[in-house]
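Please look over the sequence and the model shown here before reading on.

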There are 2 protein chains.
Amino acid sequence: MSVDFGTVSRRTFLTTTAVALGSTALRVNSASPEERTVGFALVGIGNLSMGQLLPAFAECKLARPVALVSGHPPKAKEQAAKYGIDLKNIYDYDHFDSIKENPAVDVVYIVLPNGMHAEYAIRAAQAGKHVLCEKPMANTPSECQAMIDACRDAQRKLMIAYRLQYEPVTQKAIELARSPEAVGVLKQVTAEGGFSIGDPLQWRLNRKLAGGGSLMDIGIYALQAARYLTGEEPVEVTAISYATPNDPRFKEVEETVEFDLRFESGAVGSCLSSYGFGCNRFRVYGTRGQIQSEPFLSYQGNRLWQGEDRQGDGLAIKQGNHFALEMDHFAQCVLNDEAPKTPGEEGLRDVKIISAIYEASESGTAVKIA
Amino acid sequence: MSVDFGTVSRRTFLTTTAVALGSTALRVNSASPEERTVGFALVGIGNLSMGQLLPAFAECKLARPVALVSGHPPKAKEQAAKYGIDLKNIYDYDHFDSIKENPAVDVVYIVLPNGMHAEYAIRAAQAGKHVLCEKPMANTPSECQAMIDACRDAQRKLMIAYRLQYEPVTQKAIELARSPEAVGVLKQVTAEGGFSIGDPLQWRLNRKLAGGGSLMDIGIYALQAARYLTGEEPVEVTAISYATPNDPRFKEVEETVEFDLRFESGAVGSCLSSYGFGCNRFRVYGTRGQIQSEPFLSYQGNRLWQGEDRQGDGLAIKQGNHFALEMDHFAQCVLNDEAPKTPGEEGLRDVKIISAIYEASESGTAVKIA
């Protein structure tokens, strides 16, 4: 069901307007709290939406797909039919702003190329919708700040879709990384995210659309890991970046970035980002012990070990669907008027650090992070 | 038996002077090539000598312990008795130069604190002995160069004791890392060496004796791995270093250094060195595949895997005693008048890079390596 906290209380709205909304996600008998749902519009129907997000709704308790925004109407219709989305809730980009009139849509989930995040997040907020936005939040810190401002001005919630922070393997890793019993004093995090990227024509290799190369897309997972495992913010960064000469994939963006982070406590992060080869692991070293994970950023099957040696598949942790957990978290924030765990400020922080990493690699100097 | 290539051919010497030398390592019937041995004097009887080198001689085919140089006569006598070394072949540092008169000693193996390597290597060469020297070669590039010059002037051989380059797990790793079938184009090496150091009063934590902190002692293994796995020399380095404030161990030297190396081909090395926590692994990423090793620098039990996943204990490789292999290599070079695989120039290269790493971490800038 649809909710709007702009003018009436959530509960009042839920009990007085539910019948009138006509949403496909509407449940007439949803007065009881456990049956409330939140309607999501996905903006951008690429691989992530089709391969992960739309299927994930089946595992959601609160989030429901109610609308699609796409530049490809036939594809949108096909996906809508597949997931029971009302065909009248399909929008193209020209008519996106009319989503304002659609009470079935509570949340707009931005699944567009990075360079389009800011525009659509701001338009969604101005249309009165809560905004869930894929990582990286945007291409630049100023775009991120504009998104935060727009959502604040519209009194809408803003969350960045850092799915790993919502799933139990990562949560267990964070718990152990900060545990004096498991790790002692945390001294070092190494974290690596990379894959060999394919089609040279894809948007991820276009500077305007992607904002950068591997660091924006996959290296950000290594940065996130260094931050959430230490629980600290870096104060200084050094970096080296590289792109294979004459590789058609890397005409506009970097292939590989190594970046080293110095944290306030003295803990150090050594991170790797690549579009040239696959890497997917972190390790936390402390004075007393270590934890390690590999893979750590996959959609499923992530593994976590405590100690130096790897015993089998690691700790037994029920994993769940990352996207379902993430979308339900935001749905719950919307329903209960709570602050999301990974708000716009979290996304801005990463984009600021990423900017500093690029500055460090371009200048060949250590860059302080404010 | 003792050999001296200064004035006569090795073979002539072997067949004409063997009986006259009176060495404990002498074998009167050693005219046949397979029974030749080379006499080693160990300079410095610390943990490495007592725990590794002296026991390793039992597994050597060519190298024999024939003399000890120590500032602790009772300890030297005890060890001499244990390993069948003639008590008259025990020297203290004041009388070290008289080793010149001892034909039983072919090789002087320098196992002293780093800051003493240059002095004793040069004195050994001037005493007419071949020099095997522990890593790091010395505290500074100029000391290294002086050692190279002294050995060249004395026409003595000089080898740095990079034991891993003489043992089969490392050799297999190098083969795979450079294999187009196994790795494709090598893109990245990550390598980490560290342990939590104990007694704050030990020489490794004294700047004058050690030349630096973890990087000199254990990080050098990560640097070596990045170099021997890529088969390339780094052209640029960035680094961050750290020492826990008020930790009595790190008053004079660094605790942890992260350093990133850019190689000529574009391959990148991400290395970690620490006295604060244990780490002992490398991984090589290529366009086609990867190899990984953990531990990679231990005295035994090193493991190597091909591919992303770890199957059991990795590739089945008969390991051997690293020190015995290393000492026998040098003995063979002496016997056959061959150049060692890891000559002084190899040690100098590492010390030059280490100087650049320290410069990069101190200045916060990327440093070019000549």
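Predicted model: local features only at pLDDT ≥ 70, side-chain atom pairs only at ≥ 80, totals over all residues.

Residues are numbered from 1 along each chain as its sequence is written.

**Domains and their interface**
- By an automatic or database domain assignment, chain A is divided into domain 1 (10-164 + 324-339) and domain 2 (168-319 + 351-368).
- The C-alpha centres of domain 1 and domain 2 of chain A lie 28 Å apart, and 18 residues of domain 1 are in contact with 23 residues of domain 2, contact meaning heavy atoms within 4.5 Å.
- About 1,600 Å² is buried between domain 1 and domain 2 of chain A, buried area being the accessible area (1.4 Å probe) that two parts lose on being put together, summed over both.

- Strand E11(A), residues 279-286, has eight of its eight residues buried, where buried means under 20% relative accessible area (1.4 Å probe, protein chains only); strands are DSSP runs of at least two residues, numbered from the N terminus.
- Strand E7(A), residues 186-194, runs antiparallel to E11(A) and is joined to E11(A) by eight bridges, two strands being paired if DSSP finds at least two bridges between them; Gln188(A) stands opposite Tyr285(A).
- E11(A) and E12(A) form a hairpin with three residues between them, and Ile291(A) in E12(A) is the bridge partner of Val284(A).

Technical notes:
Chains lettered and ligands numbered in written order. Heavy atoms only, no water. Buried < 20%, exposed > 50% of the residue type's maximum accessible area, 1.4 Å probe, protein only. Helix = DSSP H or I, 4+ residues; strand = E, 2+ residues; numbered from the N terminus.
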